[in-house]
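Please look over the sequence and the structure shown below before reading the briefing.

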Amino acid sequence: MLACLPGDLHEIGLLLFALEVCDHGFQTVLLGANMPLQELPAAVSKTNSEALILSGVIEPEQGVIEQQLPRLVKQLSVPVFIGGSIAARNFDTLRKSGVHLIGQDIDTGIKQIEKTLRSRQAT
């Protein structure tokens, strides 16, 4: 499942990422721009998604990264990945939240997602 962080309307990078992961054999559910984090657990559950991929270009409102994102990670039983320039600007805070940082390079991000999902399947 793929979505942009709340308040982020820049979904072109997310769309390109979605196309590329489809080329790697993944099925995707694309939610698009400006997704409220509190709606994502139900969407992940309803679609039986194996991972949640979030994208961010602009700084979200205060509290999204510091409180809402860690709460989301704890609620979900699937890994949460975050990419886009937001990942670089908030590296330390995001690492503490429990998300997997995939940066801005699509190929590197896909490799990290594949590796994480393979390791979860092995256990």
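A residue counts as buried when its relative accessible area is under 20%, and as exposed when that area is over 50%. The model discussed here is a predicted one. With that cut-off in mind, strand β3, which covers residues 52-55, has L52 and L54 pointing one way and I53 and S55 pointing the other way, and all of these residues are buried.

**Strands and their pairing**

- Strand β1, made of residues 2-4, pairs with β3 in the parallel sense over three bridges, and within this pairing A3 has L54 of β3 as its bridge partner.
- Strand β4, made of residues 80-83, also runs parallel to β3 and is joined to β3 by four bridges, with I53 having F81 of β4 as its bridge partner.
- β4 in turn pairs with strand β5, residues 100-103, in the parallel sense over three bridges, and here I82 stands opposite L101 of β5.
- In β4, V80 and I82 point one way while F81 and G83 point the other way, and all are buried.
- β3, helix α3 (residues 64-75) and β4 together make a β-α-β unit, and this unit is right-handed.

**Nonpolar cores**

- In soluble globular proteins, nonpolar side chains tend to be buried together.
- The largest nonpolar core of this model holds 24 residues, of which L52, L54 and I82 touch the most other members.
- At least two residues of this core are supplied by each of α2 (40-47), β3, α3, β4 and α4 (85-89), and the largest share, five residues, comes from α3.
- A second, separate core has 13 residues, among them F17, V21, F81 and I110.
- Leaving aside neighbours within four places in sequence, L54 is in contact with residues that include A3, L5, L69, L72, F81 and I82.

**The start of the chain**

- Is M1 buried or exposed? M1 has 7% relative accessibility and therefore counts as buried, and M1 is found in the segment before β1.
- M1 and V44 are 43 residues apart along the chain, yet their C-alpha atoms are separated by 6.9 Å.
- When neighbours within four places in sequence are left aside, the contacts of M1 include V29, L31, A43, V44, L52 and I53.

**The chain as a whole**

- The chain has six helices and five strands, and from the N terminus on its elements run β-α-β-α-β-α-β-α-α-β-α.
- For 123 residues, a compact globule would have a radius of gyration near 14 Å, and because the chain has 13 Å, the two values agree.
- Along its principal axes, the C-alpha trace spans about 35 × 30 × 25 Å.
- Of the 123 residues, 45% count as buried, and the chain exposes about 7,000 Å², of which carbon and sulfur atoms supply 50%.
- Among the contacts in the chain with a separation of 6 or more, 69% are accounted for by residues 24 or more positions apart.

Key
Residues are numbered from 1 along each chain as its sequence is written. This is a predicted model: local features need pLDDT of at least 70, side-chain atom pairs count only at pLDDT 80 or more; totals for chains, interfaces and linings use all residues. Side-chain values use heavy atoms; hydrogens and water are left out. Buried means under 20% relative accessible area, exposed over 50%, partly exposed in between (1.4 Å probe, protein chains only). Two strands pair if DSSP finds at least two bridges between them. A crossover is right-handed if, with the strands pointing away from the viewer, the path from the first strand over the helix to the second runs clockwise. The radius of gyration is taken over C-alpha atoms; the globule rule is 2.2 Å times the number of residues to the power 0.38. Contact means heavy atoms within 4.5 Å. Accessible areas come from the Shrake-Rupley method with a 1.4 Å probe; for residues, only the protein chains shown count as cover. A nonpolar core is a set of buried Ala, Val, Leu, Ile, Met, Phe, Trp, Tyr and Cys residues joined through side-chain atoms within 4.5 Å.
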